[in-house]
There are 2 protein chains.
Amino acid sequence: MSDTAVAGRRGRSGGGAARRAERTAVHIDKAPAITRAIPNFELLSEDVLATIEANAETVLEEIGVNFVNNPAALDRWREAGADVQGERVHIPRGLARRLCETAPSSFIQHARNPANSVEIGGKGLVLAPVYGPPFVRDAEGGRRYATMEDFRTFVKLGHMSKWLHHSGGTVCEPTDVPVNKRHLDMIHAHMTLTDKPFMGSVTEPSRAQDSVDMCKILFGEEFATTNTVMTSLININSPLTFDDTMMGALEVYAANMQATIISPFIVGGAMAPVSVMGTLTQVLAEVLAGIAYAQLVRPGAPVIFGAFVTSIDMNSGAPTFGTPEASQILYGAGQLARRMNLPFRSGGGLCGSKLPDAQAAYETANTLNAALLGGVNFMLHACGWLEGGLVSSFEKFVMDADQLGTLHKMAAGVAADENAQGMDAIREVGPGGHYLGCAHTQANFKTAFWKSDLLDYKPFETWDEEGARDTQTLASARVAKLLEQYRAPDLDPAIAEALAAFVAGRKAAMPDAFM
Amino acid sequence: MSDTAVAGRRGRSGGGAARRAERTAVHIDKAPAITRAIPNFELLSEDVLATIEANAETVLEEIGVNFVNNPAALDRWREAGADVQGERVHIPRGLARRLCETAPSSFIQHARNPANSVEIGGKGLVLAPVYGPPFVRDAEGGRRYATMEDFRTFVKLGHMSKWLHHSGGTVCEPTDVPVNKRHLDMIHAHMTLTDKPFMGSVTEPSRAQDSVDMCKILFGEEFATTNTVMTSLININSPLTFDDTMMGALEVYAANMQATIISPFIVGGAMAPVSVMGTLTQVLAEVLAGIAYAQLVRPGAPVIFGAFVTSIDMNSGAPTFGTPEASQILYGAGQLARRMNLPFRSGGGLCGSKLPDAQAAYETANTLNAALLGGVNFMLHACGWLEGGLVSSFEKFVMDADQLGTLHKMAAGVAADENAQGMDAIREVGPGGHYLGCAHTQANFKTAFWKSDLLDYKPFETWDEEGARDTQTLASARVAKLLEQYRAPDLDPAIAEALAAFVAGRKAAMPDAFM
C-alpha cells in the first residue's frame, strides 16, 4: 500500500556530514492517493436536494449576490445575461448552473516531484493540513503567536507525514514577517522544504500574481501556465457577498489555469440561516455564483465546490465543530457537489478545544468520519487544527496525521477474493482453535490491519513504567523524532537561487506593512 | 426533543430535609428513544454479502460448531435435523437460518417505569453503558479494582444521563463481593437506584434464574414471565464454540421469554481469520447457530444479532479499537443482521487507551460514528469504557454520554419543511447581513443545534482564567455535580423490602466463593 523513498540529503553537507547522513538515512513512507472503493453516504433524499436546488436558484434570481468594488466583474455578469443593479447581481434561473458546466469534474494538481501530483475530484480524497491560524501551540511552550520558523516546522512535518498528500497553504500565519511580504516566505517554504503540492496566496491580487510568478520559476513558465500547479482558497463573505480582494485573487488564478476552492465560510446561525436546509440553500447559491464567475473569467478553469460550515454555541456565540449539524451540512453539500459533477472540499480535523485533548479528538474524529463518507475530494485542515482555527498545534498535527491513515484504509474497501474469504483458515483452525499461528494469518498479518505510528497499545504495566504518557506526550516525542529525521528534498540549485532572488527582489521593492 | 421529570426524593427525608430537597429539586432531562430517520451506510455489495452467507452455511455444515458439556443441547440439535458427532454439531445448509425465522424482528424491553421501556430492533438505537471491567479509574484516585460502591455510582450516573436509555448490566465487576453473590447486589442496584431497563446475570444458569426471580418480585410474576424485562449478554467462545455456562444462562432466559444478545466475542486474527470477510463469515455462522439454538429452546424468544469484534496489534497481540477494520466488520455485520430481519448489537465507546485522552476519544468517536451509520439497534459499552474494557472510567462515562447526544441528533435527520428551508430568513437578511437577530433565528435557535453539557466553547482568555481545564478535568466536575443532584426514583416499599429479603436469603443460603 505504500512506496518508500530515501529522504534526500542537504546538498551543502560536507564529507563527514554526508557520511553521517548516510548512516542515519531515513526512509520516508508515502502512501498513494486515496481512491474510494466504498459508497458515499447519501443523507438527503432526491426530493430534498431538488428543493434546495430550486431554492438556491430563487436566491440568485430574486435576492442576488453582491460583487463589491469590482466593476469588471459586474460587466462580466451583465454580458453573461445577469440583471445588475448597483453592485447587486441578479442571476436568472439556470444561468449560473449552465456557466458552471465548463468547470472540469476533476483535475491534476502537479507537484514538483511528479510522484506527489494529485488528482482532485471523482472518487479521490486529497489530504492537506491546517490553514490560517495566527497562533501555534505545543506542550512545552503553550500558546503563542506564530512565526515563520513555526511555519517551516509545519511544512517539514507535512513533508514527513505518510498519509498527507498536500503541503497546504498558510499552515500558520507567520506574524513576525510583514503582512505584505509573508506570502513570499510562505510560498518559498512550500517550494523548497517539501516536494508535495501546495496552495497560493489569496490575500491580495498582487500576492496571487507573486505566487504564479514563483511557480513559473519552479515549474518553468510554459508548464506553470498550461498546467495546474496550485490550488488556492477563495472564501466567500457569506451571506452572498464576493469582495474585491478574494475575487481579484480568483481572477489571477483562473486566468492562469490555477485551481481555486470557492468556499462559503459560514458560522451557522450567524452568516446563514440557523437551519441545515437553509444553510445548504445559501451555500449552493454562493458556490453557483462563485464558480460561474470563475468560468466567466476563464472557461475551463479548475475549481472546487467548497463548504466550510460550523455550527454555533448560542450561549456564547462561539463556533462549534464536530457537531451533528456540521456533519449534516457536510453530507448534504457533498451530494449537491456531486450533482454538479464538481470536486468537493469540506471537513478536516476541526475542533473547538483549546488543547489536543479528548474534546479535540471527539470533534476531529466526528468531522473526519463525515468527510470520508460524505465524499470530500479535497480536505483542508486535515491535521493540526486547534481552538476553532485560531491555533496550529504541533502535537495535534501528528495526532491527526496518524488518524488520517484510518481514512486511507477505510476508503480502500473490503477485499473479497478467495484469500480474503479465509475459508481455508476457518477449516484449518476449527471450533475452539486459535488463528494466530495458522497459515492464512501468517500470510496476511502484515497488511491486514491499519497500524498506528503514535497510539499506545502496550500492557498497562509497561505503559505505567514508561511514564503513563497521554496522547499529547506521545505526540511531542513524535514531533521531535520527525523533525530530527527530516531532510529537505533535492532541488536544482539554479532554481533555488532564482527563487531566493525573486523573494529578495520583491521584498526590496516594498516597504514593510503590518496591517 | 426531551421530556422532563422532577427527580423523586428519598422517602426517608424528614420535614426540613424534604423542604431543602424541594428547593434543590433537580430536573432530570430524558431524551426519547432514537428512531433513525436517516439511511444506513451499506458498505458491502449484494454479491459480497451473498458470498459470506453461502460461506457461513458451508462452515455450519462442513466444519460444524461445538456445544460443550451440554447433552440436552445436542439432543435438541439432533431432533431438529443436525448431524451430531460427539459434541460437534453439523448443521445442514439452510437449517439454522430457517430456525432463526421464529425470532422477532424487534421487541419491547419493559422498564419498571413504563416511560423508560425501549423497543429494540427496526430503526431504533438503544444506548447502554460499559459492561464488564474489573477495574475503575478516576482522575483523583487513578486505576484500582472495582467495588460494589463503584458499581452503584455508575448506575447513578447512568440514571442521570439524558441520552442513555438503558442501565446496562455489569457496569463494573464488584470485586469486593464474593463471585457467587455479586450478581444479587448488581441486579438489586439496577432495580432500586434507577428505573431504566437493565440486563441480567449470565455467569451461571442459577444466577440467570436469580435474575428472573428478582424480576418476578419487581414486575410481578405474571408480567415478568410473559413480557421481556431483561436483555442479557451471551458471548460465544469464538471460534465456533458454545460453552455450557453461557448456554445454560441462555436456556433460562429464552425459556422465560427474556431477551439475549448472541454475540461472538472476537479479537480479529486470534479468534477469527485475519481478514474482514473471513471474520464476517465466522460471525454469521456463530450467530446463526446461537440464535437457532435459542429458538429451539423456545420459538419466538427475543434475541439480538451480536458482533463484538476488535482488530489486533500484531506487534503486541493487544486488541485495538476504533480501527478501520473494526468499522468495516461492524458495517458488514449490520448488513447481515438486517438481511435476517433481526435486531443488531455492536459498537460502543470502544477504545484501547489507558486514559480518557485524545487516543480514547478518537477511537471512541470512530466506533460511535460507525455504530450510528451501521444500523446498530442495541449499543452496549456506549459510555465509560476504557483500556480495552479492563477499566470503567467515571470521567469517560460522562464524556461519552455527552457525545451520545450527537447520535440522537444525527439520527433525527434533517427537517425539510418550510420553516427549515429558511427562505424568509435569506430574504430578510440579504447579502452582507447578519442572521443572529433575524426572526427565523429567534424562532429556531433553541432547538437548532445539539448542545453539549460538558465541552468547553469559552473564549481562550476566560478558559485560561478558569484554570485551562482539559476535558477530563471538566468531566470530573460533571461527575461530582451529577452525583450531588442524584435522587433515587421512587419504589413501592413493599417491593423494596421483598427484593432486599430475596437478596439476603440467597446470600445466606450460599458460602462465599471468590473464584
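**Helix α9(A), its surroundings and the chain contact**

Modeller: In this predicted model, helix α9 (residues 244-255) of chain A has 12 residues and reaches 16 Å from its first C-alpha to its last. Residues are numbered from 1 along each chain as its sequence is written, with chains lettered from A and ligands numbered from 1 in the order written.

Biologist: What makes 244-255 of chain A a helix?

Modeller: Helices are DSSP runs (H or I, at least four residues), numbered from the N terminus, and strands are E runs of at least two. The run here has 12 residues. Its reach is close to the expected 16 Å, the expected span being 1.5 Å times one less than the number of residues.

Biologist: Why is α9(A) called largely enclosed by the rest of the structure?

Modeller: Because 10 of its 12 residues are buried, among them A:Met246, A:Glu251 and A:Tyr253. Buried needs 20 or more other C-beta atoms within 10 Å of the residue's own; exposed is 12 or fewer, partly exposed in between, with C-beta atoms placed from the backbone.

Biologist: What makes β5(A) and β6(A) a pair?

Modeller: Pairing needs at least two DSSP bridges; β5(A) and β6(A) have 3, in the antiparallel sense. A:Gln85 stands opposite A:Arg88 in β6(A).

Biologist: Which residues does A:Leu288 touch?

Modeller: Contact means C-beta atoms, placed from the backbone, within 7 Å. Beyond four places in sequence, A:Leu288 touches A:Ala56, A:Leu60, A:Ala96, A:Arg97 and A:Cys100.

Definitions and conventions
This is a predicted model: local features need pLDDT of at least 70, side-chain atom pairs count only at pLDDT 80 or more; totals for chains, interfaces and linings use all residues. Two residues are in contact if their C-beta atoms, placed from the backbone, lie within 7 Å.
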